Amino acid sequence: MAGLGRGYARVLLAPLLALALLALRAPPALGRGGRDHGNWDAVALLPPREDAARVARFVAHVCDWGALATLSTVPAVRGRPFANVFSLSDGPPGAGSGVPYFYLSPLQLSVGDLQENPYATLTMSLAQTNFCRKHGFDPQSPLCAHIMLSGSITKVNETEMDFAKHSLFTRHPEMKDWPSDHNWFFAKLNITNIWVLDYYGGAKIVTPEEYYNVKFQ
């Protein structure tokens, strides 16, 4: 009887194991909105590493979230660096502007920091895509390109409002349904300093002018 029971168990478990293996073999989602919102397999087409400004723009466009570091106003850690994850977008897939846009609420800890001190640094990495995994690069490896953008966070004005909204809601559709009583608003990072780490030898410095002058085909 025990052998028969084990046989039934194997029969029942076999389909479940097959589904699990299929899930493991399935490719990762290609961007926050899935395949309909941008084919991030194009991340394999990393610009030449000697063109640091183009690499920076590329990373800023294919990443749809980042870690934002502020100076904390939380009493327990006041004045210390405080990092938080934020969804972002520099434009709809294939139409990046280079400007990181955010959808923020005064209820968020980091927004409290920014109300007192608007300066912040944002980092984004190709470890957030399938690029580094495909090539066997550790997230901390310089070959797994990442960028650091420093500047100040400001509310988006009426001129940019429609573009910021379209950029974020295209890449992050669920934002449209976030609770209205959280007083969400659109904001952006005004970039003053840029560092690119995409190869051995230390970070490369890119000026905002070089960054925004990049033109994609």
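This is a predicted model: local features need pLDDT of at least 70, side-chain atom pairs count only at pLDDT 80 or more; totals for chains, interfaces and linings use all residues.
Biologist: How many helices and how many strands does the protein chain have?

Modeller: Both are DSSP runs numbered from the N terminus: helices are H or I with at least four residues, strands are E with at least two. The order from the N terminus is α-α-β-β-β-α-β-α-β-α-β-β-α. The count is six helices and seven strands.

Biologist: How many of the eleven residues of helix α2 are buried?

Modeller: Buried means under 20% relative accessible area, exposed over 50%, and partly exposed in between (1.4 Å probe, protein chains only). The buried residues of α2 include Arg-57, Phe-58 and His-61, and their cover includes β4 (119-125), β5 (146-155) and α6 (208-212). Helix α2 (residues 52-62) is largely enclosed by the rest of the structure, because the number of its residues that are buried is ten.

Biologist: Over the face of which residue does Arg-57 lie?

Modeller: A charge sits over a ring if NZ of Lys or CZ of Arg is within 6 Å of the ring centre and within 35 degrees of the ring normal. Arg-57 is 5.5 Å from the ring centre of Tyr-211. The residue is Tyr-211.

Biologist: What kind of pair do the rings of Phe-86 and Phe-102 form?

Modeller: Rings of Phe, Tyr and Trp (its six-membered ring) pair if their centres lie within 6.5 Å; planes under 30 degrees apart count as stacked, over 60 as edge-to-face and the rest as tilted. This rule gives eleven aromatic pairs. For Phe-86 and Phe-102 the centres are 6.3 Å apart and the planes at 85°, so the pair is edge-to-face.

Biologist: How many residues apart in sequence are the parts that this pair ties together?

Modeller: Phe-86 lies in strand β2 (residues 81-87) and Phe-102 in strand β3 (residues 101-104). The parts tied together are therefore apart in sequence by 16 residues.

Biologist: Is Asn-183 buried or exposed?

Modeller: Asn-183 is found in the loop between α5 (158-171) and β6 (185-197). Its relative accessibility is 52%, so Asn-183 counts as exposed.

Technical notes:
Residues are numbered from 1 along each chain as its sequence is written. Side-chain values use heavy atoms; hydrogens and water are left out. Contact means heavy atoms within 4.5 Å.
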